[in-house]
Amino acid sequence: TGIILAAIVVQTKYLAIKLNKIQGTVDVISQDVHAQSIVFYMDKITEYVGHIEAARTLLKDRSLADEIRELAIPLLTTLAGKRNQVLSFLDNILGLAKSSKDVTPKHFELITNFAQMMLELMPFSIHIEYLLSSRIGKLRLAEQILIDGSERFNAALEVFRGFMNELHRELVRGKIGERVGTYRSIEGRATQLFQSEQNKLLLSLPTGRVAVTQ
């Protein structure tokens with residue numbers, strides 16, 4: 001199952017399509033939300049998406065394992081740093097969307113969908129980091145990437161769960177206003193994200209021990 005899943009992650013267009021959608025959303029948010037810190041982190045996410053694509057390219061041909069080693073090591077360092085930046089930014093931007101009176105309904109929808117897409121992508125990108133480290137023979141590092149990445153992902157997922165739960169409570173109290181459409185449009189996808197067995201598999205160590213904290 002792990003081999004099949006790895007092939008799907010690396011070879012199919014599924015991840016490329018997700019990366020393209022995220023890039024499009026990044027562009028729109030950068031244009032519509034002019035706060036300097038937001039645009040700064042949007043640039044960081046663009047870089048992260050590009051590095052994930054680079055890693056996926058290096059993984060496509062297993063016979064090139066020796067040749068990609070020099071490229072993979074600095075790329076893995078960069079990916080780890082960018083991943084943590086992205087996950088921290090998700091916490092912050094969800095807090096902004098929830099609390100700031102300056103966030104319009106349009107911006108709220110953009111930010112909420114962006115957070116959803118990034119969290120859908122993250123298990124795949126963490127798994128790519130794991131695969132790349134394994135490919136060049138850094139097996140203990142690969143396991144550490146998976147454990148650390150899954151812990152950080154799970155923490156970000158809980159922030160998003162709390163965000164959605166608060167929207168649901170506001171909906172029940174009739175206080176959600178213009179944001180009700182955004183909540184209802186994303187509720188089903190969010191539930192799938194919270195319950196995803198595929199993500200648990202992507203973030204599981206090969207021994208069968210699940211790295212995602214429950």
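Some ground rules. Residues are numbered from 1 along each chain as its sequence is written, and side-chain values use heavy atoms, with hydrogens and water left out. As the model is predicted, local features need pLDDT of at least 70 and side-chain atom pairs count only at pLDDT 80 or more, while totals for chains, interfaces and linings use all residues.

I start with the whole chain. The protein chain has eight helices and zero strands. Helices here are DSSP runs of H or I with at least four residues, strands are runs of E with at least two, and both are numbered from the N terminus. Written from the N terminus on, the order of elements is α-α-α-α-α-α-α-α. Of the 214 residues in the protein chain, 47% are buried. Buried means under 20% relative accessible area, exposed means over 50%, and partly exposed is in between, with a 1.4 Å probe and protein chains only.

Now two residues, as examples. I45 is in helix 3, which covers residues 36–59. Is I45 buried or exposed? I45 is buried, because its relative accessible area is 1%. R69 belongs to helix 4. R69 has 33% relative accessibility, so R69 counts as partly exposed. R69 and I136 are 67 residues apart in sequence, and their C-alpha atoms are 5.7 Å apart in space.

Next, the helix contacts. The axes of helix 4 (residues 65–99) and helix 5 (residues 105–135) come within 9 Å and cross at roughly 155 degrees. Axes are lines fitted to C-alpha atoms, for helices over the stretch in contact, and angles run from 0 to 180 degrees between N-to-C directions. Helix 4 and helix 5 are therefore roughly antiparallel to each other. The cut-offs are under 35 degrees for roughly parallel, over 145 for roughly antiparallel, 65 to 115 for roughly perpendicular, and oblique for the rest. The crossing of helix 4 and helix 5 is left-handed, meaning that the near helix is turned anticlockwise from the far one by less than a right angle; clockwise would be right-handed. What classes of residue make up the contact of helix 4 with helix 5? There are 23 nonpolar, one polar and three charged residues. Nonpolar covers Ala, Val, Leu, Ile, Met, Phe, Trp, Tyr, Cys and Pro; charged covers Asp, Glu, Lys and Arg; the others, Gly among them, are polar.

For helix 5 and helix 6, the axes come within 9 Å and cross at roughly 165 degrees. Helix 5 and helix 6 are therefore also roughly antiparallel to each other. Their crossing is left-handed, and their contact has 18 nonpolar, six polar and two charged residues.

Last, the rings. Rings of Phe, Tyr and Trp (its six-membered ring) pair if their centres lie within 6.5 Å; planes under 30 degrees apart are stacked, over 60 edge-to-face, and the rest tilted. By this rule there are four aromatic pairs. One of them is F160 with F163, stacked, at 6.2 Å centre to centre and 15 degrees between the planes. F160 and F163 are three residues apart in helix 6 (residues 139–173), so about one helical turn separates them. F160 counts as buried because its relative accessibility is 0%, and F163 counts as buried at 3%. Ring pairs link F108, F160, F163 and F194 into a cluster.
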